[in-house]
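Have the viewer open as you read.

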Amino acid sequence: MNQTIKNILLKMVFPLCICHKCPSYPKKDPKVYCERAKSDKKIEEKGCICDKCLVWKLNRFSNYYYCIEGKDEKSKI
Ligand code: SF4
Ligand code: SF4
């Protein structure tokens, strides 16, 4: 997919991501890890709330800790 379209789609998904409410979220970091990439920051595993997120449900994702593991293989972006 063309990078400009990817950026537009990521911008649309961004407000749906609930990582900022997660106890493991490393503040001040771009979210939407499931559609993008893992975090560069060190993450302490304190739980993952991805299964409460609309992006996770709509994409039928089944994994957790995308901030550590990186993009889901089912991501279409
Ligand atoms: S599934 Fe997780 S990483 Fe992906 S947008 Fe939702 S909260 Fe963020
Ligand atoms: S990917 Fe999961 S564990 Fe990581 S910040 Fe988002 S909700 Fe929390």
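**A walk through the chain**

Of the 77 residues in the chain, 23% are buried, meaning that 20 or more other C-beta atoms lie within 10 Å of the residue's own; exposed means 12 or fewer, partly exposed is in between, and C-beta atoms are placed from the backbone. Keep in mind that this is a predicted model, where local features need pLDDT of at least 70 and side-chain atom pairs count only at pLDDT 80 or more, while totals for chains, interfaces and linings use all residues. Residues are numbered from 1 along each chain as its sequence is written, and chains are lettered from A and ligands numbered from 1 in the order in which they are written.

The chain has three helices and zero strands, where helices (H or I, at least four residues) and strands (E, at least two) are DSSP runs numbered from the N terminus. Its C-alpha trace spans about 35 × 25 × 20 Å along the principal axes.

Next, the ligands. Around ligand 1 you'll find, among others, Cys17, Cys19, Lys31, Val32, Cys34 and Trp56, counting residues whose C-beta atom, placed from the backbone, lies within 6 Å. That shell divides into eleven nonpolar, no polar and one charged residue. Here Ala, Val, Leu, Ile, Met, Phe, Trp, Tyr, Cys and Pro count as nonpolar, Asp, Glu, Lys and Arg as charged, and the others, Gly among them, as polar. The residues surrounding ligand 2 include Cys22, Ser24, Cys48 and Cys67, and its shell has eleven nonpolar, one polar and no charged residues.

Finally, the backbone. Most residues other than glycine have a negative phi. Lys28, though, has a positive phi near 55 degrees, and Val32 has one near 50 degrees. Lys28 sits in the loop between helix H1 (3-13) and helix H2 (54-58), and Val32 also lies in the loop between H1 and H2. Which is buried and which is exposed? Lys28 is exposed, with 7 other C-beta atoms within 10 Å, whereas Val32 is buried, with 22.
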